[in-house]
Structures are given as structure tokens and as C-alpha cells.
Amino acid sequence: MRAATRAAATTIYDFMRDSLLIKAAFSEKTERPPVWMMRQAGRFMKEYWDIKNKYSFLEMCKTPELAADVTMLPVDLLGIDAAILFSDILVTAEAMGGDLSFTQGTGPKFANPVRTQADVDKLDTEVVHKLQYVADAIKIVQQRLKGSIPLIGFAGAPFTVMSYLVEGGSSKDFKLTKLMLHNEPELAHQLLSKIATVTANYLNLQIAAGVNAVQIFDSWAQALAWDDYKEFSHRYICEIIGKLNREDVPVISFCKGSSVFAPLMAEAKPDVISIDWNVDLLDIKKRLPAGIAVQGNLDPHILYADKKVIKERIYRLFDRMKDENGFIFNLGHGIMPDIPFDNVKYAVDIIKEYGPPAP
Ligand code: CP3
């Protein structure tokens, strides 16, 4: 097993090695599956708004004490099994030269979209020092967690980050991004390659600062045809994972579209693949190489439903996965901001009470 080879040393990793999340990520047996949720550090909590009403989103990301405060909210209020650092996938693109802003209701915007050779040439790759505020936040969170649960770091995958740079913000159809892939593949590769270099350095910065796991978010991979996914996304995720100082730090690969791309995602050698809700989790796990754990895959909309439905659907998933090592409970994508907090808390509570059905 990849994780078992590290030389003896007493670090935060030693405390974490026996945590539910790290054991499950390395496909080891756990007394119950661990639970955390994508976008758990966010707007569905009143306490998030108490902070957000005083500071802008980017101020929150860039002020280590504030980022640590938000990271700790779901730890303290929900009792989840892993914290995820409060930040955003677009901080790498900003460090490279993107003029980023977040406006309430419209999401991220880049005032200087990247569409031409000159735009790509202008992007800087020696930028990881500009992201020191993330390393500082990680250190504060680890002091507060005191080894109780692992901290997950993250970055965006190059294709997803590229889409924001090219479109200048969020997009429904990724028209300009796909046009660049199809009409100017060389230019697209230059851009993706620059983002991949920064992303690998950035994740290694997070690992050096003390995160216990990392997740790569390729939220919009689903927009791509199989061949384009392989050429313009998968290839760069392989490059990034290959460069990570990942000993004892499991790598989780997430994309929307994983129900289709999972067998290819496995070739990048992550420890865990995070699966969307379009597929039966056990079926897809059985199609993956042994030793790759799965994370997922509840439809986040279930958390809007009645508690009886929430419990029935979560226990149905747990019953299905009961004989599997290497299962981390999560949603198929992030929590929506208007999901009732009470329902999220209920989900975490019943997961902790789960006992497998009698054989
Ligand atoms: O998971 C967590 O709770 C950790 C924090 C986190 C945020 N963004 C905080 C955030 C993480 C892991 C992200 C990743 C992220 N950011 C992704 C990939 C994850 C996914 O859901 O697919 C993407 C695509 C982004 C880009 C981004 N950031 C968008 C599109 C938006 C606005 C759109 C929206 O969801 O409303 C953001 C802003 C953002 N990132 C917020 C939060 C809490 C909301 C900011 C606010 O308070 O207005």
C-alpha cells in the first residue's frame, strides 16, 4: 500500500493516519464510512453570512484568520469527519494575472479574459509565493483542529480553471473555451500547461503547510467529449498528480461527469475518485482498479427533501456499500446555498448512527 512506506516521524500525518477519512481514502477498513460534504464551508450556514456580511469573499479567502474561522464552522456546527479549507479554485488564476472579482448573484468575473496568444503569454507561472496566505490559513486551521480530524486542501483542475479565464466568468455552454480547444489546440495546451504547473506547485505548498488530503475539482469536465476530456483535461490531471509530494496525503479526484470518465480518471492514479449521482456507486467501484476508493454520491437535492426521505436514501447507499472498504460519503456535487441547515445536520447525525443491516 502506497501510504505505509513513510519513515517514522511524529507529524500531523501520524495523528491523522488512523482517522476515518484517511483510512477510507487508502481503502482500509473503517468502523463506519466517513462523511464530509463539498461546499460545506459556505452559504447554507447563518454563521457564514454573519462573516460574509462584514467582508468580501476574496477578503475572506485572503485573510488567514477569517479563512480559518469559516473552515471551522462546519467542524463545530455539523461534527463532520473532515474539514475542507475555505478558499476558491480561482485563486491560482488570480495569482497568474487574472483580474478576479466576485459579485453577489453573478459569481466570479475576470475583467481580462484570456483569449489570444498575447493573453496567454502574459500569464505568470512563478506565482506560488503569492498564495502564501493559503499556507498561513492551513497552519491556523491545524492549530485549531489539534489533530481531531483531517484537513482537506484543494485546487481546480486546469480545464475548469481555464474555462473561467477564457469565458471571463461562469458559463452555461463553454462556447469560447471549446472554440479555443477545437480551433486553436496549441494555444489551449499552452494555457492548460501553465495552469497545471501552477496547480502542482500550489498543491505542494498546501501539503508542505500541513493539509492531510487534497482534492482536485474538475467541476465542468462533463461538458467535454471523451477525446477532448482525454486530451485537454485528463492529461493535465495526470501531470499534476505525478508531481505531488503525496506520501501519506491521499489525492481525491472529483469531476462532474465522473460516472462516464471514472475509468480514465483512475489512470491518473488518484487514491479516491469522487463520483456524481448519475451512476450506482457500487457498480462503478467494481469497475475501477482495486485500491481506488470512491467518494459520493448522493444527489444534493435529496437534502431539500423530508427527513424520512433523506434517511431512506442515505441508508440505501450505505447498505449498498456495506461490504466495501474505501467508501467516503459525500454529495455528488456541492451543497446548494438554500438547503436547510437542519437537513444537513440531520444527514451527518444519521450517518454516524448507521449500523449495517443484519446479513
Ligand atoms: O467546499 C468548501 O466548502 C470549501 C470552499 C470552496 C469554495 N469554492 C467556497 C466558495 C470550494 C472547494 C470551492 C471550489 C470552487 N469554486 C469550485 C469547484 C467546486 C464545485 O462546486 O464544483 C468552483 C467551480 C468554484 C468557482 C466559484 N466560486 C463559483 C462558480 C462561485 C460562485 C457561484 C456560486 O456558487 O454561487 C464561487 C464563489 C464561492 N466559492 C462561494 C463560496 C462559499 C460563495 C461566495 C459568496 O459568499 O458569495
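Helices here are DSSP runs of H or I of at least four residues, strands are runs of E of at least two, and both are numbered from the N terminus. The model described is predicted.

**Loops and backbone geometry**

Lys269 sits in the loop that links α13 (258-266) to β7 (272-274). Its phi is positive, about 60°, although the residue is not a glycine. With a relative accessibility of 59%, Lys269 counts as exposed, because the cut-off for that class is over 50%.

Lys146 is another non-glycine residue with a positive phi, in this case about 50°. Lys146 belongs to the loop between α8 (132-145) and β4 (151-156). The relative accessible area of Lys146 is 71%, and it is therefore exposed. As background, most residues other than glycine have a negative phi, and most peptide bonds are trans.

Asn297 is part of strand β8 (residues 293-298).

A further loop residue is Lys172, placed between α9 (158-167) and α10 (175-183). Lys172 counts as exposed because its relative accessibility is 85%. Lys172 and Ile216 are 44 residues apart along the chain, and their C-alpha atoms are separated by 21 Å.

In soluble globular proteins, nonpolar side chains tend to be buried together. The largest nonpolar core of this model has 139 residues. The members that touch the most other members are Met37, Phe86, Met162, Leu191, Leu303, Ile314 and Phe329. Helix α11 (residues 185-209) supplies the largest share of this core, 13 residues.

How many of the 25 residues of α11 are buried? The count is 18, so the helix is largely enclosed by the rest of the structure. The length of α11 also agrees with expectation: at 1.5 Å a residue, its 25 residues should span 36 Å, and the end C-alpha atoms are 36 Å apart. The residue that follows α11 is Gly210, which has a positive phi near 120°.

**Ile22 and its contacts**

Ile22 is located in helix α2 (residues 20-25). A relative accessibility of 2% means that Ile22 counts as buried, since the limit is under 20%. Ile22 and Asn212 are 190 residues apart in sequence, but their C-alpha atoms are 7.9 Å apart in space. Asn212 is also one of the contacts of Ile22; with neighbours within four places in sequence left aside, the others are Met16, Arg17, Pro150, Ala213 and Pro250.

**Helix pairs**

Two packed helices are described by the angle between their axes and the distance between the axes.

| Helix pair | Axes come within | Crossing angle, roughly |
|---|---|---|
| α5 and α8 | 8 Å | 45° |
| α9 and α10 | 8 Å | 110° |
| α15 and α16 | 10 Å | 40° |

The angle between α5 (residues 64-78) and α8 is roughly 45°, and these helices are therefore oblique to each other. The crossing of α5 past α8 is right-handed. From α5, the contact involves Pro64, Glu65, Ala67, Ala68, Asp69, Thr71, Met72 and Val75, while α8 contributes Tyr133, Asp136, Ala137, Ile140, Val141, Arg144 and Leu145.

How are α9 and α10 oriented to each other? They are roughly perpendicular, because angles of 65 to 115 degrees fall in that class. Their contact is made by Phe159, Met162, Ser163, Val166 and Glu167 on the α9 side and by Lys175, Leu176, Thr177, Met180 and Leu181 on the α10 side.

For α15 (residues 307-320) and α16 (residues 341-353), the crossing angle is roughly 40°, so α15 is oblique to α16. The crossing of α15 past α16 is right-handed. Lys307, Ile310, Lys311, Ile314, Tyr315 and Phe318 of α15 meet Asp342, Asn343, Tyr346, Ala347, Ile350, Ile351 and Glu353 of α16.

Which residues does Ile314 touch, not counting those up to four places away in sequence? They are Leu298, Phe329, Ala347, Ile350 and Ile351. Of these, Ala347, Ile350 and Ile351 are in α16.

Note on methods. Residues numbered from 1 in each chain as written. Predicted model: local features only at pLDDT ≥ 70, side-chain atom pairs only at ≥ 80, totals over all residues. Heavy atoms only, no water. Core = buried A, V, L, I, M, F, W, Y, C linked by side-chain atoms within 4.5 Å. Buried < 20%, exposed > 50% of the residue type's maximum accessible area, 1.4 Å probe, protein only. Contact = heavy atoms within 4.5 Å. Expected span 1.5 Å × (residues − 1). Axes fitted to C-alpha atoms, helices over the stretch in contact; angles between N-to-C directions. Parallel < 35°, antiparallel > 145°, perpendicular 65-115°, else oblique. Left-handed = near helix turned anticlockwise from the far one by under 90°.
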